[in-house]
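I opened the notebook with the structure on screen and a list of things to look up. The entries follow in the order I checked them.

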Amino acid sequence: MTAVKFTGIGSTSFKRYAAMKILELTQSSLAELFSLIESQPGGYRHIFRGQRDADWGLVPGLYRIKNINIAGGTTEQNYNSYEIRGIDRFFNEALPYLPAVQRGYSNDRILAQHFGVPTRLLDWSRDPLVALFFAVEEWQTENDAAIFMILPDAQYRPEDVRSIGPHQAIELIPPAIDRRIPAQKSVFTFHPYGPADKPFVALDERPDMGNRITSGQEVVRGFAKIIIPQRLRRHLRHALLGLGIDRRNLFPGLDGVGMDIGARAQSGHIY
């Protein structure tokens, strides 16, 4: 198991590191998006996640489920039990259809999450354009969208991980379960729950997210949020379609082809 090598240091000669930065795209320009990413220490070493509502926090699917009380323990224990039940049911019912992947704590969660089961993991991409696509695909909504970018503190093979250890954000490199994983340049992250008797705190509200990295004479966190104003969504989506960043390519197969044609038809961009 190999940790990613970043340059952050904790020397007292540097200023106290900052929390997540909030940036905003001002033009419907991919060049400006790249410029914002490059303005952050670590640049494209970040991984990226697009969300179609900028007001949504960074919360794994498992912890978006409300009022779980199945174990009679702490809130964290109840979520753990709920997750295990979902994963067990997934493997019991999906076994005839599953690819040959080594079973284990993290691989089980990656496989289940990939096919829609809510787990403690978060989906990310190494490609900011993939994140942008998921942020602006539904361009007719009234709200702003957002791209999050984070430098995890460690990177491991899923089969090597059973607990978070001292880390706040572990990057897991998934096996190529199907063609969608490499098409979307998918990665997953794993995070500590927090106080066991409290609700899960969104990652963007935590001061210790993102690996520390040197920037000038201060140490900052590799963690930022790029807000995409609603007025820019349609133009950015059309730019992505022109580049082939679409459901046909991100979801290889007949479903992706059909969904792409349907989406283009709604906006008058079939050809």
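Contact here means heavy atoms within 4.5 Å. Among contacts between residues at least 6 apart in sequence, 70% join residues at least 24 apart.

**Ground rules.** I'm looking at a predicted model, where local features need pLDDT of at least 70 and side-chain atom pairs count only at pLDDT 80 or more, while totals for chains, interfaces and linings use all residues. Residues are numbered from 1 along each chain as its sequence is written, and side-chain values use heavy atoms, with hydrogens and water left out.

**Overview.** I counted 8 helices and 10 strands in the protein. Helices (H or I, at least four residues) and strands (E, at least two) are DSSP runs, numbered from the N terminus. I also looked up burial: of the 271 residues, 49% count as buried. Buried means under 20% relative accessible area, exposed over 50%, and partly exposed in between (1.4 Å probe, protein chains only).

**Aromatic pairs.** How many aromatic pairs does a search of the whole structure find? It finds 10. Rings of Phe, Tyr and Trp (its six-membered ring) pair if their centres lie within 6.5 Å; planes under 30 degrees apart count as stacked, over 60 as edge-to-face and the rest as tilted. I picked Y63 and Y79: their ring centres are 5.1 Å apart and the planes stand at 90°, so this pair is edge-to-face. The pair links distant parts of the chain, with Y63 in the loop between β2 (47–51) and α2 (75–94) and Y79 in helix α2, 16 residues apart. Y63 and Y79 are both buried. Ring pairs also link Y63, Y79, Y193 and F200 into a cluster.

Next I checked Y105 and F190, which form a tilted pair, 6.1 Å centre to centre with 40° between the planes. This pair links distant parts of the chain too: Y105 is in helix α3 (residues 105–114) and F190 is in strand β7 (residues 186–190), 85 residues apart. Y105 and F190 are both buried.

**Charges over rings.** The rule I used: a charge sits over a ring if NZ of Lys or CZ of Arg is within 6 Å of the ring centre and within 35 degrees of the ring normal. R109 has its charged end over the ring of Y105, 3.8 Å from the centre. R103 lies over the face of F91, 3.7 Å from the ring centre.

**Helix α3.** Is α3 enclosed or open? In α3, 10 of the 10 residues are buried, so this helix is largely enclosed by the rest of the structure. Its buried residues pack against α2, β3 (122–125), β6 (170–172), α5 and β7. Just after α3, G116 takes a positive phi of about 105°.

I then looked at how α2 and α3 pack: the angle is about 75° and the axes are 10 Å apart. That makes α2 roughly perpendicular to α3. Axes are lines fitted to C-alpha atoms, for helices over the stretch in contact, and angles run from 0 to 180 degrees between N-to-C directions. Angles under 35 degrees count as roughly parallel, over 145 as roughly antiparallel, 65 to 115 as roughly perpendicular and the rest as oblique. Where they meet, E83, I84, I87, F90 and F91 come from α2, and D108, R109, L111 and A112 from α3.

Strands β8 (residues 212–215) and β9 (residues 218–221) run antiparallel and are joined by 4 bridges. Two strands pair if DSSP finds at least two bridges between them. I213 has V220 in β9 as its bridge partner. The two strands, β8 and β9, form a hairpin with 2 residues between them, and G216 in the turn has a positive phi of about 65°.

Most residues other than glycine have a negative phi, and most peptide bonds are trans. K185 is not a glycine, yet its phi is positive, about 50°. I found K185 in the loop between α5 (180–183) and β7. K185 is partly exposed, with a relative accessible area of 40%.

**M20.** M20 sits in the segment before β1 (21–24). M20 is buried, with a relative accessible area of 17%. Which residues does M20 touch, not counting those up to four places away in sequence? M20 touches F148, D204, F223, A224 and K225. M20 and F223 are 203 residues apart in sequence but 4.9 Å apart in space, C-alpha to C-alpha.
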